[in-house]
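Dear colleague,

Please find below the structure that I am handing over to you.

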Amino acid sequence: MDSDRHCAFNLVLFVILGESGLGKSTLINSLFLTDLYPERYIPGAAEKIERTVQIEASTVEIEERGVKLRLTVVDTPGYGDAINSQDCFKTIIQYIDNQFERYLHDESGLNRRHIVDNRVHCCFYFISPFGHGLKPLDVEFMKAIHSKVNIVPVIAKADTLTLKERDRLKRRILDEIGEHGIRIYQLPDADSDEDEEFKEQTRVLKASIPFAVIGSNQLIEVKGKKIRGRLYPWGVVEVENPEHNDFLKLRTMLVTHMQDLQEVTQDLHYENFRSERLKRAGRAADEDVMDKDQILMEKEAELRRMQQMIAQMQAQMKMKPGDD
């Protein structure tokens with residue numbers, strides 16, 4: 001029997017957000033063992049100030065545990081670079097809404113069996129390790145999109161932090177997320193009938209949020225083995241070593257909870273969009289009816305005024321003496 005018959009083929013769309021210089025592209029290439037951005041242009045500092053957000057989509061196919069996954073990765077170069085970042089909000093939110101709008105249109109059509117799901121199922125939001133928590137831009141933007149997409153917070157360049165600094169920053173970020181009422185993606189609890197290994201994996205993943213990661217496509221030889229990592233004068237930071245960072249945990253979360261990300265998108269974020277969209281359509285229809293009623297009332301009032309004028313003219317003519 002062909003083994004491909006046992007493979008699921010999924011399409012999940014990601015938006016990668018975070019300011020420039022946090023290693024977003026490197027991490028994505030590390031996650032999928034590919035080079036999605038071979039010819040990317042890196043603008044200078046002066047150019048960044050005037051730069052607008054771009055939307056760049058790339059598709060990659062990976063295989064994990066016999067399951068073939070087709071992922072469309074949407075990157076947003078230019079996010080947070082300009083002095084005024086309000087426009088970058090609009091560009092990204094409009095992109096997310098456009099995918100919902102397209103799905104709603106296809107869902108309302110005749111050929112509903114072959115709908116291509118281009119909705120954004122997950123947002124990796126990269127947080128700088130150099131601050132003391134969330135920046136005002138982070139708070140404002142996550143609050144703007146948390147009702148539209150599953151947010152997974154990621155601390156970038158974790159190799160710049162000691163383990164104590166990393167744990168302290170994680171706690172600070174979670175506290176600030178709670179204080180500001182930001183809703184991030186919540187991993188579902190393991191079912192009671194799941195094996196103990198999966199239950200423990202779920203517990204570890206939940207405890208690791210926000211994921212502190214590093215990315216590297218550089219191969220380094222350590223004790224006779226080739227590993228991906230970063231070489232420093234004091235030693236090597238290994239990308240796939242769970243004691244060094246959360247890279248493997250982030251990848252595991254992505255693969256094992258892909259279906260849940262899709263379901264939350266469908267049942268929560270898309271339904272919110274759909275309900276609001278239908279409400280707006282209903283209000284527009286009501287306003288259209290009200291406009292027509294208003295026009296009709298104005299015409300009736302004008303007709304009454306004309307009738308009154310005619311009646312007055314007729315009365316005046318009757319009061320005049322007749323001609324000899």
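The notes below go from the chain as a whole to single residues.

This is a predicted model, in which local features need pLDDT of at least 70 and side-chain atom pairs count only at pLDDT 80 or more, while totals for chains, interfaces and linings use all residues. Residues are numbered from 1 along each chain as its sequence is written, and side-chain values use heavy atoms, with hydrogens and water left out.

**The chain as a whole**

The chain has eight helices and nine strands; helices (H or I, at least four residues) and strands (E, at least two) are DSSP runs, numbered from the N terminus. Of the 324 residues, 39% are buried. Here buried means under 20% relative accessible area, exposed over 50%, and partly exposed in between (1.4 Å probe, protein chains only). The accessible surface of the chain is about 19,600 Å², and carbon and sulfur atoms hold 51% of that surface; these areas come from the Shrake-Rupley method with a 1.4 Å probe, and for residues only the protein chains shown count as cover. Among contacts (heavy atoms within 4.5 Å) with a separation of 6 or more, 71% are between residues 24 or more positions apart.

**Helix α1**

Helix α1 (residues 24-32) is largely enclosed by the rest of the structure, because seven of its nine residues are buried. These buried residues are K24, L27, I28, N29, S30, L31 and F32. Just after α1, L33 has a positive phi of about 50 degrees.

**Salt bridges**

A salt bridge is taken as a side-chain nitrogen of Lys or Arg within 4 Å of a carboxyl oxygen of Asp or Glu. The model holds 13 salt bridges by this rule. One of them joins E101 to R277, with the closest N and O atoms 2.9 Å apart. E101 belongs to helix α3 (residues 86-107) and R277 to helix α8 (residues 258-319), so this pair ties together parts that are 176 residues apart in sequence. E101 is partly exposed at 28% relative accessibility, and R277 is partly exposed at 27%.

E240 and R228 also form a salt bridge, their closest N and O atoms being 2.4 Å apart. This pair links distant parts of the chain, 12 residues apart: E240 is in the loop between β9 (235-238) and α7 (247-256), and R228 is in strand β8 (residues 225-232). E240 is partly exposed at 41% relative accessibility, whereas R228 is buried at 12%.

D167 is partly exposed, with a relative accessible area of 33%, but R166 is buried, with 12%.

**The loop between α5 and α6**

P188 is placed in the loop between α5 and α6 and is partly exposed at 30% relative accessibility. Leaving aside residues up to four places away in sequence, P188 touches T202, K206, H257 and D260. P188 and K206 are 18 residues apart in sequence, and their C-alpha atoms are 9.0 Å apart in space.

D195 lies in the loop between α5 (163-179) and α6 (196-208), and it is partly exposed, with a relative accessible area of 47%.

Yours sincerely
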